[in-house]
Amino acid sequence: MSSLMMMTEDIITQHGLTLEEYDRIKVFLGREPNFLELGLFSVMWSEHCGYKNSKLELKKLPTTGSGILIKAGEENAGAIDIGDDWCIVFKMESHNHPSAIEPFQGAATGVGGIIRDIFTMGARPIALMDSLRFGRLDEAKTRSLMTGVVSGIAHYGNCIGIPTVGGEVYFEESYSTNPLVNVFCLGIARKKDLVKGKAVGMGNPVFYVGSSTGRDGIHGATFASDELTEKSHEDRPSVQTADPFMEKLLVEACLELFKKPGCVVGVQDMGAAGLTCSTCETASRGNSGIEIDVELVPRRETGMNPYEIMLSESQERMLVIAQKGKEDEVLKTFEKWGLHAALVGHVTDTGRMVVKEKGKVVADVPSKALTDEAPLYKRPAKRPAYLDEVNRLPDLSPEKSNYTNELLQLLSEPNIASKQWVYEQYDHMVMDNTVVLPGSDAAVLRLKEAGKYLAMSSDCNGRYCYLDAYQGTLMAVAECARNVVISGGRPVGLTDCLNFGNPLKPESFWMLQKAIEAIRDACLKFEIPVTGGNVSLYNESPQGAIFPTPTMGVVGLIQKESDITTLSFKEEGDLIFLTGGFGKGLGGSEYLWRVLDIQKGPLPAFDLDEEWKLQKFILKAIQKGWLQSAHDTSEGGLAVALAECAMQGKKGALCELKTSGLRGDEILFGESPSRVVVTVKPQLKDDFIKLAQDFDANIVQMGMVGGTQLKISYGGKLLIDSKWQELEKPWRTAIENGMKMSV
Amino acid sequence: MKFAVVVFPGSNCDADCFHVIKNVLKQPVEYVWHQESDISHFDCVILPGGFSYGDYLRTGAIARFSPVMNSVQPFAKKGGLVLGICNGFQILLEAGLLPGAMMRNSSLKFVCKYVYLRPENVKTRFTEQYQKTEVLKIPVAHGEGNYFVEPDVLKKMNAQGQIVFRYCDEQGEVTRDSNPNGSLENIAGIINEEGNVLGMMPHPERASEQILGSEDGRKIFESIIKAIMK
């Protein structure tokens, strides 16, 4: 063993490890690690790869269900049976810190990474969604970050030819210097074509394919597991550069190769922790060993040492474990696509990951020590003191008799305004599958090959979670599932991306705990298994932690084409119903924050049973073919929901809200959850009401679609009165105009 | 009758074109790998959209040198039908099979959305199923669709009916606001003098089925089929 050196405390802590963790490494090795070995443990035991602070919590999530083919954590992504030999594979991941430092490349490589997770499973990636969060739009920094992030996503997704069909964009002070970039990818495969990330079969060759290895991104995983500081820009070399064309070649070559019987034993992409992670993880999953020689790894720079080669996070690289005897076929397939596959090592039965340099052993560690033995911590948790203060609502200003101006203002608030400035930069139609385009509650795809339809949505309101981590997260899961349901789908799986602050701070950890408990409770109630996801902690900057943001991604299966439902008003004379009741309370609402300048709770009441009842009722009504349109109330409340139905349907509506005891602004803009605005043809009114009774669902008829005015009256007052065209203008142009301010 | 869909490394609308021809129009179609050289047995060659070779240099600049283009040139000279969509259009410009050049969109941003088109010449073999009064709804998705050509060539093209599609508004008016990329005279698609090579930025293969929101692009393929059958 060469280069044995005395580890100083400095070197150990620079590697993001504690002295206790260092002692643990010594136990596994039976000796001091060398510098390279320390590097291997450093990245594999980082939060990003080892989930050391979150794993004990994540174990609480329900991961089983009738359709589950591959469970969360078993492989790069979970897989769900959708019937007739077909399955879907999907996952969401964060690329927050790289995007904060270098928005274009950070976001682009985030897209590249999640796509690799999907096609590594043998599935063809067919859809992307992006959940983005920035500071306030009127800050120059936000516009600069957003320009970079959106063009980075566009660069990668458009070039590789996978449609970006949905997502969300939020603007809120707490993300100002720590933006969130959460990227979702979904792929489809025939069940028999799924590929595992396993290295098995003593002597089987290990190939390296794709871009050559450079010094970019060394220790990216460790970097992602630390707080952002004033000096983080000095970490820029930790951010990698993106080459979507290379990845397009990899996708096509790999999917072609996987179809050739008996050629491939296992595959793993080189994402976080690069060559290190892919080699030890495949060996660990295969209960085998692996041996590679760094001298055989294609490099783009001279003089790279084993440490740099093993820890580089250069993008667009794959590790392919082939069947012995099929080497020529593997090489030939990659050559067709202009790719060079380099033989870098072979599978062993030692259970160890051995790294050589020109034949000389430079690292020798048990694979499972790297992958399964990362220390797991139960961190101290403490309810944040600020919660009491922010959940006391002050007295509100007196009611007004008309709120049309407030509605116009809300429609032009960036969180509510149309996101077309963003999604028109993404190719959302390539692949000829996109049935419901961005700007709806959920994206809907048809799967030509499988003859099926999918709905998918991603959601989270960070402000809700800041005010109440548990209920805010329940509401995020509920909204995400609801968006799928009102588009005609039955949710079949959920992926999450948990963006939180430093877990070593008890208040942050408490919020993470509450959020995970909420995901568990909601998923159990809605019978949706969690198929995987990712955790992004340490989202803090000198200005403080971000709002806790557990982003959800839910995918649902739509039975038949006629079930596909959209939010726009369809025909004059259709009756408008509100399901779920008028709700109560303005706490946490966009109106309270942007119009009255109060960022406080408490959140309006939420009940899981009510939500579940609502979703089952709406789905049944859709499947019976009775709903002309469906749209849930979310940011901006009932008034904004009605305005969106009107604008997108290019029709007005006359509504009278028959209730009492609520403030005018409360009934219009309160964000009470579990509510859906639906329209029904007049001749189906009785059937619809009967069905609601069967489900014990709370419905109330509000009015009728027609004309060009949106009129909403309550308590004898005409609270809203405007042409839909006048509502549309600020809504459609607000973000574009906001972005026009000089960066 | 047989269609070819050329696959360059980085093509990404190849499968969409293939799907529409095979499953929607029910016509024989084959993929042609960019390294193949014999395309003489096809009746119509489609250069699909995408980012051939990554388009890191200039759109279509590298694809024009790929082996298959050595066959597309004589194929076109002999009168074979060639349809270039989006990146395929850009390649046809680079290869000199169509006049003019592409610049980056005037917004400097990629743009993907439905646009409206006016068919300006319905007497070509690609458009004879259209009426001149129609307004077509077909999506675009590109970063470089800002078409430019020298004034004297443009004059000639206009005179000879070589401008086949222009961006317009929903009512069919050619307006500045309806132009998604700043192209000269709202040009969206052009044809060569001989009338057998058409290049267009909008994607007819994305507008050939009702479920995707528009069938207005299908008549391009139907026109081609009819022309070949003649």
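This is a predicted model: local features need pLDDT of at least 70, side-chain atom pairs count only at pLDDT 80 or more; totals for chains, interfaces and linings use all residues.

Colleague: How many residues of chain A are in contact with chain B?

Modeller: 30 residues of chain A, and they touch 26 residues of chain B.

Colleague: And how much area do the two chains bury between them?

Modeller: About 2,300 Å². Carbon and sulfur atoms carry 63% of that. On the chain A side, A:Phe245, A:Met429 and A:Asp432 lose the most area to chain B. Together they make up 25% of what that side buries.

Colleague: What is the count of salt bridges between chain A and chain B?

Modeller: Two. One of them pairs B:Glu209 with A:Arg446. Their closest N and O atoms are 2.8 Å apart.

Colleague: How many residue pairs are in polar contact between the chains?

Modeller: 10, counting pairs with both residues at pLDDT 80 or more.

Colleague: Which elements of chain A supply at least two residues to the side that touches chain B?

Modeller: α8 (140-160), α10 (244-258) and β14 (434-436). By class, that side of chain A has 14 nonpolar, seven polar and nine charged residues.

Colleague: Let's stay with α8(A). At what angle does it pack with α26(A)?

Modeller: About 110°, with the axes 9 Å apart. Helix α26 covers residues 724-740 of chain A. Angles of 65 to 115 degrees count as roughly perpendicular, so α8(A) and α26(A) are roughly perpendicular to each other.

Colleague: Which residues meet there?

Modeller: From α8(A), A:Arg143, A:Met146 and A:Thr147. From α26(A), A:Ile735, A:Gly738 and A:Met739. The contact has three nonpolar, two polar and one charged residues.

Colleague: New topic, the backbone. Which residues does a cis peptide bond join?

Modeller: A:Gly601 and A:Pro602, with omega about 0°. A:Pro602 sits in the loop between α21 (590-594) and α22 (608-623) of chain A.

Colleague: Back to A:Asp432. What is its phi?

Modeller: Positive, about 60°, although A:Asp432 is not a glycine.

Colleague: Why flag these two features?

Modeller: Because most residues other than glycine have a negative phi, and most peptide bonds are trans.

Colleague: Where is A:Asp432 placed?

Modeller: In the loop between α17 (420-423) and β14 of chain A. A:Asp432 is also one of the three chain A residues that lose the most area to chain B.

Note on methods. Residues are numbered from 1 along each chain as its sequence is written. Chains are lettered from A and ligands numbered from 1 in the order in which they are written. Side-chain values use heavy atoms; hydrogens and water are left out. Contact means heavy atoms within 4.5 Å. Buried area is the accessible area (1.4 Å probe) that two parts lose on being put together, summed over both. A salt bridge is a side-chain nitrogen of Lys or Arg within 4 Å of a carboxyl oxygen of Asp or Glu. A polar contact is a pair of N or O atoms within 3.5 Å; within protein, one must be able to donate a hydrogen and the other to accept it, and residues adjacent in sequence count only if both atoms are side-chain atoms. Helices (H or I, at least four residues) and strands (E, at least two) are DSSP runs, numbered from the N terminus. Ala, Val, Leu, Ile, Met, Phe, Trp, Tyr, Cys and Pro count as nonpolar, Asp, Glu, Lys and Arg as charged, and the others, Gly among them, as polar. Axes are lines fitted to C-alpha atoms, for helices over the stretch in contact, and angles run from 0 to 180 degrees between N-to-C directions. Angles under 35 degrees count as roughly parallel, over 145 as roughly antiparallel, 65 to 115 as roughly perpendicular and the rest as oblique.
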